[in-house]
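Please keep the sequence and the coordinates open while reading.

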Amino acid sequence: MKKLLSTVACAAAVGFFPTQQASAHISWINLTNLTPAIDGDKHIYSANSIVSGNYGWADSMDEDWGDSHQGAWAQFTLTESSNVNIHVESDYQDTFITIGGNTFPLRVGDLTPGFSLYNGVLPDEAYEDAFPPPAGKEGAWNGQGTTTMGNDDGEVGTIHYIGHAGEIDGLATAVSWMGALEAGIYTVAIGGTCYERESCGAFNRFDADNVSRGFDISLTVAPVPLPAAIWLMGAGLVGLGAFRKRTLAV
């Protein structure tokens, strides 16, 4: 707690909260609104952002769920069935500030990320208090199940769990998910994997370090190739058409 209060006090003194984006109501990183890099038939969308602390995703994976303010939220839209690769990695950047001879971290590059993938999207500025989670839940973010939240405009949305990448208390600084998805809109909820290890975990959340962690996220999208059988059938139809033309000509 002392470490957290010192960091917040320092940030307030300079008028800047390093976790402001991550700790506010849900604000989207809209990946497919970005300009992609093109590699053959692949479109690669990339962004850099921050998340509060290093434990939010792990917290969402337990039985009492987690606080959405401890996650970073991205969305993307597919216009056709696609093969998708989602990659999240620490950006390894440390930023410090010195006030009165004391040095405080503003951003730390040691994120061990995990993320959950969902079908659907939540309303802009959604958060727990606008549509309270069930009794006994710490927050509304269900890292391995359906998540419902609303905003102050009365809009309520539900996202449906597809899968996740990362392990609770895992030490990997990069994780990926790959698979085929239908056309639609999708959510990626990102956070840290700390749970019981050291002082960063959700299990010790009131003593946990809430300094911002930076991360890079990339989304690679490629069209699903047609099955070989369809190509063969198409080639057969072309051959049949040529044979028919020759027959008619005779």
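**Charge pairs and a buried strand residue**

R107 is buried, its relative accessible area being 19%, a value that falls under the 20% cut-off for burial. The model is a predicted one. R107 pairs with D91 in a salt bridge, where the closest N and O atoms are 2.3 Å apart. This bridge connects distant parts of the chain: R107 belongs to strand β7 (residues 102-108), while D91 sits in the loop between β5 (82-90) and β6 (95-99), 16 residues apart. D91 is also buried, with a relative accessible area of 8%.

Side chains of opposite charge can pair when their charged atoms come close. The whole structure contains 2 salt bridges. D110 and R213 form one of them, with an N to O distance of 2.7 Å. Here the partners are 103 residues apart, D110 in the loop between β7 and β8 and R213 in strand β13 (residues 212-223). D110 is partly exposed at 36% relative accessibility, whereas R213 is buried at 3%.

On the surface, a patch of negative charge is formed by D124, E125, D129, D152, D153 and E155. Within this group, E125 is located in the loop between β8 (113-119) and β9 (147-150). E125 has a relative accessible area of 41% and therefore counts as partly exposed.

A74, in strand β4 (residues 72-78), is buried because its relative accessibility is 0%. Beyond its neighbours within four places in sequence, A74 contacts W28, I29, L31, Y186, T187, V188 and I217.

Terms used:
Residues numbered from 1 in each chain as written. Predicted model: local features only at pLDDT ≥ 70, side-chain atom pairs only at ≥ 80, totals over all residues. Heavy atoms only, no water. Patch = residues over 30% accessible without salt bridge, like charges linked within 9 Å, V, L, I, M, F, W, Y side chains within 5 Å. Areas by Shrake-Rupley, 256 points an atom, 1.4 Å probe, with all protein chains shown as cover. Salt bridge = Lys/Arg side-chain N within 4 Å of Asp/Glu carboxyl O. Lys, Arg positive; Asp, Glu negative; His and termini not counted. Charge placed at Lys NZ, Arg CZ, Asp CG, Glu CD. Helix = DSSP H or I, 4+ residues; strand = E, 2+ residues; numbered from the N terminus. Buried < 20%, exposed > 50% of the residue type's maximum accessible area, 1.4 Å probe, protein only. Contact = heavy atoms within 4.5 Å.
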